[in-house]
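Student: I am new to this structure and would like to learn how to read a few of its features. Please take them one at a time.

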Amino acid sequence: MTECFQFVTEAAEQAAKLNVVVAGLPVDGAHDVHLIRVNDDGTTVAAASDVSGGTYSLLQAIAPPLTRWLLMLGGQGIQPGVPFQFQAEVVANPDIYEPNDTPEHPSVLKGNQHIEATLDSASDVDLYVVSVGKQQSSARLSCGGSGDVVCEVLSRGRWVVVPQSGPIEVSASMTVPLILRARWKEGSTQTVGSYTLHTFDPASRSIIATAGSSENISHLAPGKETPFPVPEGVTPVPGGANAARQIDVTAVVFDSDETTRAPAGEHVRLVAVDYDPATKRRITLATVDGLTNARGEFSARLPIGPCAGIGMVGPIRMNRPSNHPDYWDITYVPTAYVMALLDGKSATVSASAFQHVCQETYRAYRKPLDLAKPRKHRP
């Protein structure tokens with residue numbers, strides 16, 4: 001025997017999520033349930049099916065605006081006079097990971113992830129399967145959201161709550177992926193709530209992609225009293241001095257395969273240091289904290305300030321090669337470096353060296369010592 005019901009979802013500005021619950025089916029009878037969408041031209045498309053034969057079925061589909069539907073129940077368990085119930089619910093504004101409310105149809109996420117999703121009804125439960133990198137043996141996981149949203153990870157056969165106070169580390173690999181779910185706290189009366197999920201490789205790696213200053217520092221540039229390049233008709237002013245006081249840095253974060261980039265929202269701390277390899281002394285010049293963007297990058301300007309005497313070299317006399325050379329005295333730290341620190345204890349960091357310019361002073365077209373030498377008089 002087959003039962004068929006027709007219903008219509010209302011017009012909406014965008015696609016909606018359709019939840020259809022069938023309950024009270026016979027325990028001892030085989031049956032299946034099908035949700036079918038009817039197109040405008042009369043053709044049909046199977047949107048969801050449940051052939052488990054259970055007493056309770058949840059069918060879900062993302063529905064375009066103004067849609068006709070058929071709900072079909074069939075099998076030996078559907079007999080005349082046997083009561084059952086079904087309910088259709090339309091949820092507006094579902095997130096892009098829906099429908100994912102059943103273990104049979106979770107959202108599949110790959111690699112490092114940072115997602116923003118929604119519990120869109122009082123009965124909504126979102127499930128995810130996260131496949132991690134081939135080099136990973138564990139994953140860092142964090143969850144944040146409204147007060148009544150609970151995030152859980154399946155670990156050793158039981159659901160473990162992910163605290164909103166900070167990340168936890170759980171076992172995960174390509175053969176044992178992460179299984180996550182977001183649900184309402186027991187007794188909650190909320191019907192809509194947003195949350196975030198963030199997964200990352202604890203054995204991540206950071207590199208400095210770029211490090212440079214937009215200041216007028218070139219180690220051979222005129223002082224601050226004369227622009228560079230020197231405009232036509234302008235004579236550089238001797239004694240002008242430049243110094244590096246800031247550095248623009250971009251860090252890139254990868255997982256342990258050194259290919260997959262970090263998700264948005266991974267915490268990075270940029271640190272600039274003056275270092276003296278002879279004495280092993282070092283001093284922190286500047287520290288800036290931030291989060292990676294969708295490309296796994298974090299960029300910031302570090303105010304490194306003046307040199308503190310550690311690792312300083314100079315002054316060194318330099319000149320621009322030309323037929324009419326001009327000279328500079330330069331003091332700098334050639335062994336300064338910047339690095340991007342990560343939260344994972346097994347993360348690796350690659351530092352990048354830069355030259356911290358303490359001061360460069362323009363000395364005109366001839367060395368001062370040459371200017372002081374007396375000229376020979378010809379007879």
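Student: Where is the place of Glu98?

Tutor: Strands are DSSP runs of E of at least two residues, numbered from the N terminus. Glu98 sits in the loop between strand 7 and strand 8 (107-110). This is a predicted model, where local features need pLDDT of at least 70, side-chain atom pairs count only at pLDDT 80 or more, and totals for chains, interfaces and linings use all residues. Residues are numbered from 1 along each chain as its sequence is written, and side-chain values use heavy atoms, with hydrogens and water left out.

Student: Is Glu98 buried or exposed?

Tutor: Buried means under 20% relative accessible area, exposed over 50%, and partly exposed in between (1.4 Å probe, protein chains only). Glu98 counts as buried because its relative accessibility is 8%.

Student: With which residues is Glu98 in contact?

Tutor: Contact means heavy atoms within 4.5 Å. Neighbours within four places in sequence aside, the contacts of Glu98 include Lys17, Ile62 and Asp124.

Student: How many aromatic pairs are there?

Tutor: Rings of Phe, Tyr and Trp (its six-membered ring) pair if their centres lie within 6.5 Å; planes under 30 degrees apart are stacked, over 60 edge-to-face, and the rest tilted. The count by this rule is five aromatic pairs. Phe7 and Phe86 make a tilted one, with 6.4 Å centre to centre and 40 degrees between the planes. Phe7 belongs to strand 1 (residues 2-9) and Phe86 to strand 7 (residues 85-91), 79 residues apart. Phe7 is buried at 16% relative accessibility, whereas Phe86 is partly exposed at 31%.

Key. Helices (H or I, at least four residues) and strands (E, at least two) are DSSP runs, numbered from the N terminus.
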